[in-house]
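Biologist: I'd like to go through this model with you, starting with its pocket. Could you put it up first?

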Amino acid sequence: MIGKLAAFFRRAEPAIVDARSGDASALAALHRISFRHGWSESEFERLLSDRAAIAHVARANGGRGVVVGFVLSHRIDHEAEILLVALAPSERGHGTAAKLLSRHLGRLAAAGVSRVFLEVDEGNAPACKLYARAGFKEVGRRSGYYRKPEGNAAALVLGRELNG
């Protein structure tokens, strides 16, 4: 009986799928709650329609629910820049970001990308830990890049090679 109850209350893992243009509103909403300066729905529509963009979303309830996370990259030839990774607060700490990033990196490699870069606030410990676990290394630093009320913070430029 306890096993059946545990199965009933077990959290359904989000499904990681390709983002669609219809996801722009959900991405904008997640971006607004994750970053100081949220991008608009129209900006996400434009990004998702760009042929150089590659994006994945995490959909709650095994893919039947709302978008609870996303990753968006821009590809040029054999390199890509991860522009954004965002996760709903309720999904943090459950491994969703790692699964999202892993699927995304696999898709980039399959698309012929051999090097990936991103920028992260040096003070964002959870993101730095996520990227380190995914094999990213610091390749540069931009002092004072992120403007904050408590003082500007450096952006760490991280990169990694993909075997694809």
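Biologist: How do the residues of the lining of the largest pocket divide into nonpolar, polar and charged?

Modeller: The lining divides into 19 nonpolar, eight polar and 10 charged residues, where Ala, Val, Leu, Ile, Met, Phe, Trp, Tyr, Cys and Pro count as nonpolar, Asp, Glu, Lys and Arg as charged, and the others, Gly among them, as polar. Before we go on, this is a predicted model, in which local features need pLDDT of at least 70 and side-chain atom pairs count only at pLDDT 80 or more, while totals for chains, interfaces and linings use all residues. Residues are numbered from 1 along each chain as its sequence is written, and side-chain values use heavy atoms, with hydrogens and water left out.

Biologist: What volume does the largest pocket have, and what counts as a pocket?

Modeller: Its volume is about 1300 Å³, taken as the space filled by probe spheres set on grid points that are joined across faces, edges and corners. A pocket is an open set of points on a 1 Å grid over the protein atoms alone, where a 1.4 Å probe fits, with protein on both sides within 12 Å along at least five of seven lines, and lining residues have an atom within 4 Å of a point.

Biologist: Which residues lie nearest its centre?

Modeller: Of the 37 lining residues, Ser34, Phe35, Val85, Asn124 and Ala127 lie nearest the centre of the largest pocket.

Biologist: And which element gives the most to the lining?

Modeller: That is strand E4, with seven residues; helices H2, H4 and H5 and strands E5 and E6 are among the elements that each supply at least two. Helices (H or I, at least four residues) and strands (E, at least two) are DSSP runs, numbered from the N terminus.

Biologist: Staying with H4, how far does it reach?

Modeller: H4 has 15 residues and reaches 21 Å from its first C-alpha to its last, close to the 21 Å expected at 1.5 Å a residue, the expected span being 1.5 Å times one less than the number of residues.

Biologist: Which residues of H4 are buried?

Modeller: The buried ones (under 20% relative accessible area, with exposed over 50% and partly exposed in between, for a 1.4 Å probe and protein chains only) are Thr96, Ala97, Leu100, Leu101, His104, Leu105, Leu108 and Ala109. Just after H4, Gly112 takes a positive phi of about 95 degrees.

Biologist: Where is Asp77, and is it buried or exposed?

Modeller: Asp77 is in the loop between E3 and E4, and at 60% relative accessibility it counts as exposed. Phi of Asp77 is near 55 degrees, a positive value in a residue other than glycine.

Biologist: Changing topic, how many aromatic pairs are there?

Modeller: A search of the whole structure finds four, where rings of Phe, Tyr and Trp (its six-membered ring) pair if their centres lie within 6.5 Å, and planes under 30 degrees apart count as stacked, over 60 as edge-to-face and the rest as tilted. The rings of Phe44 and Phe70 have centres 5.6 Å apart and planes at 85 degrees, so this pair is edge-to-face. Phe44 belongs to helix H3 and Phe70 to strand E3, 26 residues apart, and the pair thus links distant parts of the chain.

Biologist: Which residues form a cluster with them, and is Phe44 buried or exposed?

Modeller: Trp39, Phe44 and Phe70 form one aromatic cluster; Phe44 is buried at 0% relative accessibility, and Phe70 is buried with a relative accessible area of 0%.
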